[in-house]
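I opened this entry to record what I looked up in one protein chain. My notes follow in the order I took them.

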Amino acid sequence: MLKQRVLTAVVLLLVLFGALMSPGPWALICLLLLAAGCALWEWLRMTLSPAWRPAGIWIALFVSIFLLWLTWSWQPVAPALATRSELIHSWVLVLAVVGWAALAIPQVFLGQTTERRMPALLSAFGILAVVAAWASLVVIFVTFGAWCLISLMALIWFADIAAYFTGKAFGKHKLAPVVSPGKTWEGAVGGVLAAAIWTVATAGVEGSFGAVLAQYWSLPVVFLLACLLAAISVIGDLFESLLKRRAGMKDSSRLLPGHGGVYDRIDALLPVAPLAVMLTGTVFK
């Protein structure tokens, strides 16, 4: 199982870096679109009522085709275009951020895991959340480049890895015992601090996400904003755990051997991406 998990992770990283390094933006845009479609299908599997569940794959396919058309119409795809036109209206990103704050966070801390609640609302929110995250990642990549996108993802990776080891070493107080018994407040704090330190440490490296933030904010504020993004990534992880428990699933799917589903891999990224791109000021120019 560990061998399979490591092999899948290596393949995923190679595919990601290959897309990031390819000439032109289309390889990464299509890779992100594929991930978005798969994650949306997995989300809908967990939220739609039984009668509507078979429609989840068709909804995800329709949304993916629409996003592909939207990107194609956003021509020419070039860094300078972000200052002249938006891939998606800023209100979509604002709605997604508000949705995570007003819908997901209360759901996580209420911790009701025994039955599906609000299937239509949560399914609609899933479409909004995935579309907003996909558009945000595309805008970050097209506007600021591959290193900015990688360093933003690294913020989440640092938060996740540090939370695991800090929780193992010092964890005593459960963060959300019903939703995810393994997570602790100590681990969450360790992850948040590690992500913030990473962001501030790379603020002096040209093209990094930290450097982009530092163009608009002082370093102490960059540190606090990175803490906020890392904390939100924890909410994304917990919210998916809540959906899986309600649906009686261990993984969102079996698309990635040893890792579960695509949503399992990007659950922390979904709430972070819209807020991250808003903090760069790009979509409000």
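For the pattern below, I count as helices the DSSP runs of H or I with at least four residues, and as strands the runs of E with at least two, numbered from the N terminus. The model I worked from is predicted.

**Fold**

I looked up the secondary structure and found eleven helices and two strands in the protein chain. Reading along the sequence, I wrote down the pattern α-α-α-α-α-α-β-β-α-α-α-α-α. I then checked the radius of gyration: it is 18 Å, close to the 19 Å that the globule rule gives for 285 residues, so the protein chain is as compact as a globular protein of that length. For the extents, I noted that the C-alpha trace spans about 50 × 45 × 40 Å along its principal axes.

**Contacts and core**

I took the contacts between residues at least 6 apart in sequence; 73% of them join residues at least 24 apart. What share of the 285 residues is buried? I noted 53% for the protein chain.

Next I asked which residues touch the most other members of the largest nonpolar core. This core has 89 residues, and the ones I listed are Trp43, Trp134, Leu155 and Phe239. Helix H5, residues 119-144, gives the most to this core, with 15 residues.

**Surface and charge**

I put down an accessible surface of about 13,400 Å² for the protein chain, with 73% of it belonging to carbon and sulfur atoms. I counted 18 positive and 11 negative charges, and their mean positions lie 6 Å apart.

Note on methods:
Residues are numbered from 1 along each chain as its sequence is written. This is a predicted model: local features need pLDDT of at least 70, side-chain atom pairs count only at pLDDT 80 or more; totals for chains, interfaces and linings use all residues. Side-chain values use heavy atoms; hydrogens and water are left out. The radius of gyration is taken over C-alpha atoms; the globule rule is 2.2 Å times the number of residues to the power 0.38. Buried means under 20% relative accessible area, exposed over 50%, partly exposed in between (1.4 Å probe, protein chains only). Contact means heavy atoms within 4.5 Å. Accessible areas come from the Shrake-Rupley method with a 1.4 Å probe; for residues, only the protein chains shown count as cover. Lys and Arg count as positive and Asp and Glu as negative; His and the chain ends are not counted. The place of a charge is taken as NZ of Lys, CZ of Arg, CG of Asp or CD of Glu. A nonpolar core is a set of buried Ala, Val, Leu, Ile, Met, Phe, Trp, Tyr and Cys residues joined through side-chain atoms within 4.5 Å.
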